[in-house]
Amino acid sequence: MLRLLLLTALAALVLAEEDPQALFLQDVEERVVGGEVARPNSWPWQISLQFKSGSSYRHTCGGTLIRRGWVMTAAHCVDSKRTWRAVVGDHNISQHEGKEQYISVSRVYIHPNWNSNRISNGYDIALLRLSTEATLNSYVQLGSLPPSGQILPHNNPCYITGWGRTSTGGQLSSQLKQAYLPVVDHKTCSSRGWWGGSVKTTMVCAGGGSLSGCQGDSGGPLNCKVNGSYYVHGVTSFVSANGCNQQRKPTVFTRVSAYISWMNQVTRDNVSVSTDESNFY
C-alpha cells in the first residue's frame with residue numbers, strides 16, 4: 001500500500017499495496033528493489049500484513065512480530081478500516097508451505113500524532129493486537145527492538161526485507177526479498193540535494209542508490225546489525241515519488257528507538273478502554 005504524498009518541494013511515495021476496489025486511497029503496489037531472495041525464514045520476525053478482499057486476503061504491507069500477540073507496522077498501512085490478518089512464518093506468499101500461522105488482528109493502535117496527509121511530519125507507526133498469540137519456533141521469532149533513543153552511525157549495516165515490488169511499477173515478489181541498505185546519517189539525509197527538511201530526527205534513512213524499498217514493503221523492518229546481532233531499527237515509511245531507487249533519496253523509515261516509550265505504554269495499557277479512541281479502532 002503506497003500512498004502518493006505531495007510535500008513542500010517534492011513528492012514522496014509511501015510503501016504499501018493497493019486494493020483495486022479502493023482506488024480513492026491512492027495506494028499502489030511495490031517491493032524491495034534489487035537485492036536478493038532471502039533464505040526461507042531467515043528473518044523470522046517478518047510478517048505479511050494482509051487485508052480481506054472478497055473471499056480472500058491480499059498482501060499489502062510488512063510488519064514485525066515484537067511480542068507473541070503484537071505486531072509493529074506503519075500507520076499508513078492501517079489507517080483505513082479493513083479486516084486484517086498477520087501471517088507469520090511465511091516465505092512465499094503465493095503458496096501455503098506449512099510453516100505459516102494465520103492470525104487475525106483484533107485491534108489497531110495508531111500513533112495519536114499520525115496525520116495521513118502529512119507523512120513528512122513523522123509518527124508513521126502502529127501496533128496491531130493479534131487475536132491469538134503466535135507460536136514461537138524455528139520459523140517464527142520475535143524481533144529485537146533497540147534501546148530507547150539509540151541512533152546508529154553513518155554506514156551502519158542494515159537490511160530491508162519485504163514482498164514489495166522489485167522495480168518502480170513492477171510486480172510484487174512472491175518470495176521474501178532482502179536488500180543491503182546501510183544507514184545514511186541524519187545530517188547527510190536532511191541536507192540540500194537529499195531529502196532536506198522532509199526527514200525528521202525521528203526517522204532513519206538507509207540506502208540511496210540502486211537498492212531500496214518499494215510499495216508492498218511498507219511497515220516492514222529495517223534490520224540493523226549492532227554488536228553482532230540484528231535489531232529492528234526502522235519501520236519502512238516512504239520513498240521518492242520519482243521512483244523507488246533514486247540517487248540521494250534513501251528509503252525513509254520511522255526510527256523505532258524514538259517510539260519505545262509509546263509502544264510500551266500501548267502494550268501495557270491495552271486492556272483498558274481509552275477516553276480518546278481517535279487513534280485506534
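**Disulfide bonding in the predicted model**

A disulfide, defined as a pair of cysteine sulfur atoms within 2.5 Å, joins cysteine 158 to cysteine 224, with an S to S distance of 2.1 Å. Cysteine 158 belongs to strand β11 (residues 158-162) and cysteine 224 to strand β15 (residues 221-226), so that distant parts of the chain, 66 residues apart, are linked; helices (H or I, at least four residues) and strands (E, at least two) are DSSP runs, numbered from the N terminus. The link of cysteine 158 and cysteine 224 is right-handed, with 105° about the S-S bond. Both cysteine 158 and cysteine 224 are buried, a term that denotes under 20% relative accessible area, with exposed over 50% and partly exposed in between (1.4 Å probe, protein chains only).

The structure is a predicted model, in which local features need pLDDT of at least 70 and side-chain atom pairs count only at pLDDT 80 or more, whereas totals for chains, interfaces and linings use all residues. Residues are numbered from 1 along each chain as its sequence is written, and side-chain values use heavy atoms, with hydrogens and water left out.

In total, three disulfides are present. One of them connects cysteine 61 and cysteine 77 (S to S 2.1 Å). Cysteine 61 lies in strand β6 (residues 56-67) and cysteine 77 in the loop between β7 (70-73) and β8 (84-88), and the pair therefore ties together parts 16 residues apart in sequence. The torsion about this S-S bond is about -90°, so the disulfide of cysteine 61 and cysteine 77 is left-handed.

Cysteine 189 and cysteine 205 also form a disulfide, with sulfur atoms 2.0 Å apart. Cysteine 189 is located in helix α1 (residues 186-189) and cysteine 205 in strand β14 (residues 203-206).
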